[in-house]
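Student: Could we go through this structure together? I would like to ask things as they come up.

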Amino acid sequence: MPELPEVETIARGVDARVRGDRIVEAWFGTHREPFKTPAARQADELRERQIVAVHRTGKHIVVELGGNNDGHSRKKPALGQDSAITAQWIVHLGMTGRLLVTTPEAPLAKHTHARLRLASGRELRFVDPRRFGRLEFRDLRKRQGFSGPGAEPLVIEQAEFAELFRGRKLAIKAALLNQSLLAGVGNIYADEGLFRAGIRPRRRAGQLTRVELEKLRRALREVLERAIRLGGSSVSDYLDAEGVRGFFQLEHCVYQRTGEPCIQCGHTIKRIVVAGRSTHYCSHCQR
Ligand SMILES: [Zn+2]
């Protein structure tokens with residue numbers, strides 16, 4: 001499952017390649033699962049729209065779209081009008097989803113559910129073997145823009161972060177994985193963040209001190225930003241926007257290092273299960 005840094009890396013990669021491009025034609029597959037908005041409607045709505053920008057919100061990739069697709073005028077918008085965002089195409093990669101920028105001639109991967117032909121000659125493709133990914137179209141003249149339910153771990157401020165956990169009885173690890181509190185923090189970065197902050201995963205979220213919470217906020221941001229800088233971790237079969245396998249393996253401190261010595265103190269890394277997820281920590285460095 002791609003985590004925040006992978007999604008951020010993919011969103012940036014796609015943005016760099018398709019920003020300003022125009023969707024000429026959209027084709028969607030026949031499997032129902034990946035389409036939160038019916039495939040036929042997406043195909044119709046996306047046609048002739050300009051891609052204003054692509055960015056990440058939580059673990060979603062949001063394609064901001066311009067152009068006025070009202071069924072009457074499918075002309076290219078006049079100069080100066082084309083940067084107004086009127087719609088969004090929202091991509092959730094699920095477990096195995098990939099968003100690829102390619103050319104129309106590139107061999108079609110099995111399980112390709114969407115192809116957007118672009119004016120530049122490129123093609124944007126959504127491939128997802130297990131079909132847990134989701135594609136949604138939103139008309140911003142009728143609905144609010146997409147915003148994840150949780151706060152963004154990369155930008156959240158100290159007070160707001162502390163407020164998220166106040167009075168909560170669940171384990172801090174479980175709280176970190178709760179997407180309605182913080183958006184996009186998955187198992188790897190929760191474990192790594194807690195290690196760097198020196199906090200045991202089973203501590204009650206509401207009982208962490210202000211100082212500990214601030215350490216945790218900074219640790220999470222650090223570990224996420226580091227992974228983004230390095231192009232995302234390649235633990236899963238993550239591929240970047242051009243379909244190139246991730247070149248980097250984040251050197252995890254605790255994640256999946258059960259039984260190995262802690263890099264800080266040499267004690268053995270332990271594995272427990274919290275909120276149904278494998279959880280790795282050092283009982284000496286984390287209190
Ligand atoms: Zn240690």
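This is a predicted model: local features need pLDDT of at least 70, side-chain atom pairs count only at pLDDT 80 or more; totals for chains, interfaces and linings use all residues.

Student: Ok, which side chain does Glu8 meet in a salt bridge?
Tutor: Glu8 pairs with Arg56, at 2.6 Å from N to O. This pair links distant parts of the chain, since Glu8 is in helix H1 (residues 4-18) and Arg56 in strand E2 (residues 51-57), 48 residues apart; helices (H or I, at least four residues) and strands (E, at least two) are DSSP runs, numbered from the N terminus.

Student: And are Glu8 and Arg56 buried or exposed?
Tutor: Both Glu8 and Arg56 are buried, where buried means under 20% relative accessible area, exposed means over 50%, and partly exposed lies in between (1.4 Å probe, protein chains only).

Student: What about Arg49 and Glu45?
Tutor: Their side chains also meet in a salt bridge, with 3.7 Å from N to O, and Arg49 and Glu45 are both buried. Elsewhere, salt bridges that share partners join Glu8, Arg12, Arg56 and Glu152 into one network.

Student: New topic: which residues touch the most other members of the largest nonpolar core?
Tutor: Of its 31 residues, those are Phe161, Phe165, Ile172, Leu176, Leu182 and Leu216; a nonpolar core is a set of buried Ala, Val, Leu, Ile, Met, Phe, Trp, Tyr and Cys residues joined through side-chain atoms within 4.5 Å. The elements giving two or more residues to this core are helix H3 (158-165), helix H4 (172-177), helix H5 (187-197) and helix H6 (210-229), and H6 gives the most, with 8 residues.

Student: What does Phe161 touch, then?
Tutor: Not counting residues up to four places away in sequence, Phe161 touches Ile156, Leu182, Leu213, Leu216, Arg217 and Leu220, with contact meaning heavy atoms within 4.5 Å. There is also a second, separate core of 30 residues, which includes Phe28, Phe35, Leu46 and Ala114.

Student: Which residues are the protein donors of the zinc ion?
Tutor: They are Cys262, Cys265, Cys282 and Cys285, each through SG, lying 2.2 to 2.4 Å from the zinc ion. Donors are N, O and S atoms within 2.8 Å of the metal (3.2 Å for Na, K and Ca), and water is not among the atoms, so sites may look incomplete.

Student: Why is the arrangement tetrahedral?
Tutor: The arrangement is tetrahedral because the 4 donor atoms subtend angles of 100 to 115°, and four donors count as tetrahedral if all angles lie between 85 and 135 degrees. In sequence the donor residues are spaced C-x2-C-x16-C-x2-C.

Student: Last one: Lys59 is buried, so which side chain of opposite charge is nearest?
Tutor: The nearest is Glu3, 5.0 Å away, and Lys59 has no salt bridge; here Lys and Arg count as positive and Asp and Glu as negative, while His and the chain ends are not counted. Lys59 is found in the loop between E2 and strand E3 (60-65), and, leaving aside neighbours within four places in sequence, its contacts include Met1, Pro2, Val91 and Gln179.

How values were computed: Residues are numbered from 1 along each chain as its sequence is written. Side-chain values use heavy atoms; hydrogens and water are left out. A salt bridge is a side-chain nitrogen of Lys or Arg within 4 Å of a carboxyl oxygen of Asp or Glu. Four donors count as tetrahedral if all angles lie between 85 and 135 degrees; four count as square planar and six as octahedral if opposite donors are over 155 degrees apart and all others between 65 and 115; anything else is irregular.
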